[in-house]
Each structure stands twice: as structure tokens, then as C-alpha cells.
Amino acid sequence: MQIVILNDAAEVAAYGAEIFSTQLKRKAESVLGLATGSTPVALYQELIRLNRDGELSFASAKTFNLDEYLGLEGEHPQSYRYFMNEQLFNHIDIDMDNTHVPPGDAKNPVTACQDYEARMVAAGGVDIQLLGIGRNGHIGFNEPSSGLTSRTRVKTLTKETIEDNARFFEEGEYQPHLSITMGIGTILDAKKVVLLATGENKADAIQAMVEGPITASCPASALQLHKDAVVVIDLKAANKL
Ligand code: GLP
């Protein structure tokens, strides 16, 4: 695990964007694993800028997102498909058919998970996977107790994660308790993994991931097993290391 500690969130986003743009410039047909949450937004803005300025093209790229709420269709403003369209895809030259987010409205979620895995394999596997981290150490929606070799599947969200993500939902609005998420084994199959974290509220999770044992209690600790994992954090997220 390579740990990069930078001053603030802006530097973390710039560093992450540089890794992604270097990958795309080296291989235009890259398969990018993408993430939601507030942390990657600034990185996406930088990629949008590079694309607008003609420095970077996504025309040959494919993307696979980590996760989606089960029970929300892609048009729902709180769905991760909607988030990705709004925060990135609508603003870059990517072919929408090449963007993949697990289907939150799948009639048969079990088959949909298998199909998602098969599509990743058919695309040649993920070249570079972007990750955030939950306060409880989750990656994607792999909550504590997730199997370290798990594949894409339906996961129940913990109370803590539901509370953390409640800020995106209106009061009284239906908030799903289930998700479809790439498994930890799926994430570890990516050729490179880049995890971004900023802010004091991530410091405990970062410490557990980096210095703790490899354990299902902290799903992100599985990244210790990856041979090309880069953790990019700001001083606040690093302050318990
Ligand atoms: C959600 C997502 C995760 C993300 C996490 C942290 O639970 N499923 O992929 O890492 O939120 O989000 P934030 O970056 O907003 O702290």
C-alpha cells in the first residue's frame, strides 16, 4: 500500500485526477472503476475540465461503478446512476453505452449481479478502481463483516451508513436499506486501486485500514493485499497514523 499524505482536499483531488488522466493518456480504452460519495466530486470536476480543454478524452473508455441503491431506478435523483450522470458522464465525451452502474431497479438482483461481473470480465477487467471509504471502513457498500473474497452481490446497509448518507435524502423521503455492490474480491481484481479520503471523520477508518489487521471488520483493510493500491489522504484523515 502506498500512502500519499497531502495538505488538503483540493490537493487530494488534483493528485487523484492526475493518476486517472495519466492512465487514460497511456491507454485510451481504459476500463475505469468509479465511485460516488462527496469525496470524488472534485476529482471528477478536474477530469471534466481536462476533457473540455481537449487534454483528455473518454471516447474509448468504459466505466463500471462500484455500487447502487437497490430499489431506486436510474432516473431517481438519489440513485448513483443519476449522480454519475450529473457529476461526470453528462459533461465528458464518453459514450453512455460504455458507462455501467449496477441496476438498482433489477427485477432479479441475483442475476443482475452475475451479469455485472460478466460485463466487467468481457471488458477485460478494471484497469484502475477509484474508491472512497465509509467511517466504518466500508468500500463500495461492503459493510463490516463482508467476505474478503466477495463478488458483486446484494448487501444490507448498516445503520451508520444509512445515517451518514441520509444527508442526500429529503426528510421523509424513502431511503433504501439495500444495495448492489461490487464485492471486495471484485475490487481487488482491479489492476490498480486508488482510495481517496479527506477530513477528520475518516481518520479512524484510515488508521484501521492502514495499520490494523486484515479483517472483515474493516473491509478496506483488504487493500493491504493489493499489489498496486494507492491511498491519497489529507492531513486531517491522516492524523491518527
Ligand atoms: C457511500 C458509498 C461509498 C463511499 C462512501 C463515503 O457509502 N457507497 O462508495 O466511499 O459513501 O462517501 P463520502 O465520500 O461522501 O464520505
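**Reading a helix pair and a ligand shell**

Q: Why are H1 and H2 said to be oblique to each other?

A: Angles under 35 degrees count as roughly parallel, over 145 as roughly antiparallel, 65 to 115 as roughly perpendicular, and the rest as oblique. In this predicted model, helix H1 (residues 9–26) and helix H2 (residues 41–52) pack at an angle of about 50 degrees. H1 and H2 are therefore oblique. Their axes lie 8 Å apart.

Q: Which hand does the crossing of H1 and H2 have?

A: The crossing of H1 and H2 is right-handed.

Q: Which residues make the contact?

A: On H1, they are Ala9, Ala10, Ala13, Ala14, Gly16, Ala17, Phe20 and Ser21. H2 contributes Ala42, Leu43, Glu46, Leu47 and Leu50. Sorted by class, this contact has 10 nonpolar, two polar and one charged residues.

Q: How many residues surround the ligand, and which are the closest?

A: The ligand is surrounded by 14 residues, of which Gly37, Ser38, Thr39, Gly132 and Gly134 are the closest. By class, the shell has four nonpolar, nine polar and one charged residues.

Q: Which residues does UniProt list for the domain?

A: An unreviewed UniProt entry lists residues 9–229 as "domain: Glucosamine/galactosamine-6-phosphate isomerase". In the model, the chain over residues 9–229 is 33% helix and 14% strand. The end C-alpha atoms of that stretch are 19 Å apart.

Key: Residues are numbered from 1 along each chain as its sequence is written. This is a predicted model: local features need pLDDT of at least 70, side-chain atom pairs count only at pLDDT 80 or more; totals for chains, interfaces and linings use all residues. Axes are lines fitted to C-alpha atoms, for helices over the stretch in contact, and angles run from 0 to 180 degrees between N-to-C directions. Helices (H or I, at least four residues) and strands (E, at least two) are DSSP runs, numbered from the N terminus. A crossing is left-handed if the near helix is turned anticlockwise from the far one by less than a right angle, and right-handed if clockwise. Two residues are in contact if their C-beta atoms, placed from the backbone, lie within 7 Å. Ala, Val, Leu, Ile, Met, Phe, Trp, Tyr, Cys and Pro count as nonpolar, Asp, Glu, Lys and Arg as charged, and the others, Gly among them, as polar. UniProt positions are given in the numbering used here, feature names are shortened, and annotations may be inferred rather than shown by experiment. A residue is near a molecule or strand if its C-beta atom, placed from the backbone, lies within 6 Å of it.
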